[in-house]
Every structure is written in C-alpha cells, then in structure tokens.
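Here are some notes for a colleague who is meeting this structure for the first time.

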Amino acid sequence: QLQLAESGGGLVQPGGSLRLSCAVSGFTLDNYAIGWFRQAPGKEREGVSCISRRGVLTNYADSVKGRFTISRDSAKKMVYLQMNKLKAEDTAVYSCAAERNDYCSGYPLRVGWGDYWGQGTQVTVSS
C-alpha cells in the first residue's frame, strides 16, 4: 500500500527552526517527485517546495526562499523540509505529496498535482 507520513511539526517561537519529515512506503521513492504544501486556516493550499525525482532540481515559493531547504534520502525513503527563521505566517498544516514526475512539472498550480498524499503535520509559530 502506497503511503506517505509526515512528522516533525510542533510549536516553535518566531525565528526558530523545525525539520519536517515525509516517510514513504509502498513505492520506489526514486520514481517520484515530492512536493510540500501547506494550508493555513481560512486560506487556500499553497505549494512550499518541490524536489525532483532524482533530487537534481528543487524549487521554492518566494515566501520561503532562503529559509527552507528540501532534501531527500532515497535509501531511507525520506524527504525532509528544513525550516529556519520561522515566522508567524508559516503557521499551517504541512503535507507532502508524491507524483510520478521527473522535474516537478506543474507544481504547484496544476490541479490534481500529487498522486499520493500524507495526512499532514501542524506547524505553529507563536511566542
């Protein structure tokens, strides 16, 4: 069964850091691009970052460039999102999604991006 499971969310003060993890099972990670999305209360879901199938290409939303870093470890079947210098506006539920896609094509605006999704992890940035 194909599954993605996020972890690492929590409560952090502004300026702090968190590392989110996306664990995949039931499929070969190297065949999929992985995207992180987030959704804050009352707002539409937005793309945060994507890493291509072999990790050679990454992209980031303008709002997180220079603060977030996406990476993947195919041997461990894990994808990470390192989040530094967190701001209150980063508060959201963060989800990872997998798509059989070489270069994150269509991410994040194409409707239906993501063949498989995790349940999400809450990130709250507050003092």
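1. A nonpolar core is a set of buried Ala, Val, Leu, Ile, Met, Phe, Trp, Tyr and Cys residues joined through side-chain atoms within 4.5 Å, where buried means under 20% relative accessible area, exposed over 50% and partly exposed in between (1.4 Å probe, protein chains only). The model is predicted, so local features need pLDDT of at least 70 and side-chain atom pairs count only at pLDDT 80 or more, while totals for chains, interfaces and linings use all residues. Residues are numbered from 1 along each chain as its sequence is written, and side-chain values use heavy atoms, with hydrogens and water left out.

2. The largest nonpolar core has 28 residues, and those with the most contacts inside it include Ile34, Trp36, Phe68 and Tyr94. Among the elements that give it two or more residues are β3 (18–25), β4, β5 (46–51) and β9; strands (E, at least two residues) and helices (H or I, at least four) are DSSP runs, numbered from the N terminus. Another core, of seven residues, lies apart from it and has Ala33, Cys50, Ala97 and Cys104 among its members.

3. Two disulfides are found in a search of the whole structure, a disulfide being a pair of cysteine sulfur atoms within 2.5 Å. Cys22 and Cys96 form one of them, with their sulfur atoms 2.1 Å apart, and with 75° about the S-S bond this link is right-handed. Because Cys22 lies in strand β3 and Cys96 in strand β9, the pair ties together parts that are 74 residues apart in sequence.

4. A disulfide also joins Cys50 to Cys104, and this link is left-handed, with -95° about the S-S bond. Cys50 lies in strand β5 and Cys104 in the loop between β9 and β10, so the pair ties together parts that are 54 residues apart in sequence.

5. Seven aromatic pairs are found in the whole structure; rings of Phe, Tyr and Trp (its six-membered ring) pair if their centres lie within 6.5 Å, and planes under 30 degrees apart count as stacked, over 60 as edge-to-face and the rest as tilted. The rings of Phe37 and Trp113 have centres 5.9 Å apart and planes at 50°, so this pair is tilted. It links Phe37 in strand β4 (residues 33–39) with Trp113 in the loop between β9 (92–99) and β10 (116–117), 76 residues apart.

6. Trp113 is buried, with a relative accessible area of 3%. The rings of Tyr107 and Trp113 have centres 5.2 Å apart and planes at 70°, so that pair is edge-to-face. Phe37, Tyr107, Trp113 and Trp117 form one aromatic cluster.
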